[in-house]
Amino acid sequence: MNRQFDIAVIGAGPAGSMAAFAAAKAGKSVALFERNSKPGTPVRCGEGIGMRSLTAHSDARPEWIRQQISRSIMIAPDGTKVSIDEIDKSVILDRERMDGDLARDAEQAGAQLIANNAVNDIHRNQNGKYVLETVSGEYLTTIVIVADGVESRIARKLGWNTRLAPNDIESCAFTRVTSPLIDQDACIFHVGSQVAPGGYAWIFPRGKGEANVGLGLSGTHSKAGAAKEFLLRFIDRELPGSKTGELHCGGVPVTRYVRPLVREGAMLVGDAARQVNCLSGAGIAYSLFAGKIAGTVAAQALSSEIPQYNVLKEYEKQWKTRYGKQQERSFILKEFVTQHTDDAFLNNIAAKLTKKRKNKIRYITVFLSTFSRHPILMFKAFKLFG
Ligand SMILES: Cc1cc2nc3c(=O)[nH]c(=O)nc-3n(C[C@H](O)[C@H](O)[C@H](O)COP(=O)(O)OP(=O)(O)OC[C@H]3O[C@@H](n4cnc5c(N)ncnc54)[C@H](O)[C@@H]3O)c2cc1C
C-alpha cells in the first residue's frame, strides 16, 4: 500500500471529500482518511440546504434530494405562527447518500480513500513532510488538509486555537421521527425559552412521513444532557405518538471562522475551520465550497514556482471574498439575538410580522423588524448588508 502522498485530507465529510476530489482531479496523489467505516454515517444533521448553494458548489444529483421545501414557519413563544416565503428554493438532502457519493467521486478521480482509519497524531519530520500517525501506521504527505469536523483535534495538534467559548457553540440533539402530523412542505422553527433557550427547535420534513427533528441550545444555557431533555419534551408536545429513531447529540460552532486558515503546508476547512452560518448553524454549503477551493489551491501550490505558502493563501482569500462577509453578518446577528431577545421581544416581532401581507415577509423583513428597536445595531447591520 502506498504510504506517501502529495496531499492528505483528514475527514471524509463534505469538506474533506470535495478537497480530495479537486486535488485528485488536478492530477495529485491524494489520500482521504476517514475514521468511520463509511463516509456519511451516522448522520448528525438536519440536512437542509438552499438549492442554489448546493448546485453552485457540487455536482448535485436528484438522488441526493429527499424533499423540496416551499416555505418556512416560525413559531413564537406564545404560539403565533409566521409563514415566510422562501427566497431561494430549499431542499432536504439525503446526507448518507450525498456524503457517500462525494467520497466515491474523490476515489474515482484517483484519491485513495482510507476508511476505518482515524488519524491520531501529526507532526513534521526534518524534511518538512507531515507524518500522519493513524490506526494502521504512519503516512507521509507534503500538504495536509484538515477537515475533521467540529471536534477538530488534528487542527489543535497543528497549533490552531479552535477552542470555543460557551456562547460560540450550540449544543444540539437530533433524531429522525415518523409521524402523520409532519407538514411535508414546510421547515418549522420554534423559538423561546421553554423550547430552546438561546437557540431554536426545528422540524425538517424528509418525505414518506419522516422528518429530521432537532434543537440547539446556546452553550451558555446548556448543561450536560439538557439538549436531549428539551428535544424529547418538544417531540412529545409537537408530534405526540410519533416513532423516533436513535438520538444523537453534537455541537455546532457559531463563531467567526478561524484565522489564519492556512499555515505552512496545512489548510483548515469546514466545521474544523468554524465555517458555519452562525444564525442558522448551516455549514454544508460552506464546507462544499471551502473543500473544493482548498483542494484546487493545494494542487496548484505543488505545481507552482511561487513559494508554496503564498499559493496556499489564495484559498483563504477566495473563502473571504465569497463567504467572509456573509459569515460576519451572521455572527453579529447571532450575538444580537442571543444577548438582546427574550420571549416578550420574540412575541412582539411575530405579532408585527403577521400583520404584513404574506408575500411581503422575507428574511430581511424579519431582521429589519428586529433591528428597528436598536438603532446602533441597525446602523451596524446596514453597514454589513450594504
Ligand atoms: C444536529 C445538527 C444539525 C445540522 N443541520 C444542518 C442543516 O440542516 N444544514 C446545514 O447546512 N448544516 C447543518 N449542520 C452542520 C453540518 O452538518 C456541518 O456544517 C457539515 O457536516 C460540516 O462538514 P465537514 O466536512 O466540515 O465536517 P463533518 O461532516 O463533521 O465531517 C468530518 C469527518 O471527519 C471525520 N473525522 C473526524 N476526526 C477524524 C480523524 N482524526 N481521522 C479521520 N477522520 C476523522 C469524521 O468521522 C467525519 O466523517 C448540522 C449540524 C448538527 C450537529
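Analyst: What follows starts at the ligand and then turns to a helix, the domains and some backbone details. The model is predicted; local features need pLDDT of at least 70, side-chain atom pairs count only at pLDDT 80 or more, and totals for chains, interfaces and linings use all residues. Residue numbers start from 1 along each chain as its sequence is written.

Among the 39 residues around the ligand, the ones that come nearest are Gly11, Gly13, Gly46, Gly270 and Gly283. A residue counts as near a molecule or strand if its C-beta atom, placed from the backbone, lies within 6 Å of it. By class, this shell has 19 nonpolar, 13 polar and 7 charged residues. Here Ala, Val, Leu, Ile, Met, Phe, Trp, Tyr, Cys and Pro are nonpolar, Asp, Glu, Lys and Arg are charged, and the others, Gly among them, are polar.

Elements that give two or more residues to the shell include H1, strand S3 (48-50) and helix H6 (284-303). Helices (H or I, at least four residues) and strands (E, at least two) are DSSP runs, numbered from the N terminus. H1 gives the most, with 3 residues.

H1 (residues 14-25) also packs with helix H3 (residues 95-108), at an angle of about 20 degrees and with the axes 8 Å apart. Axes are lines fitted to C-alpha atoms, for helices over the stretch in contact, and angles run from 0 to 180 degrees between N-to-C directions. On the H1 side, the contact includes Pro14, Ser17 and Phe21, and on the H3 side Asp99 and Leu102. Two residues are in contact if their C-beta atoms, placed from the backbone, lie within 7 Å.

The ligand shell draws at least three residues from each of domain 1 (4-44 + 95-164 + 256-323) and domain 2 (62-94 + 166-253). Such bounds come from an automatic or database domain assignment. The centres of domain 1 and domain 2, taken over C-alpha atoms, are separated by 29 Å. Their contact takes 12 residues from domain 1 and 14 residues from domain 2.

Last, the backbone. Most residues other than glycine have a negative phi, and most peptide bonds are trans. Glu47, not a glycine, has a positive phi of about 70 degrees, and Glu47 is in the loop between S2 and S3. The peptide bond from Thr41 to Pro42 is cis, with omega near -10 degrees.
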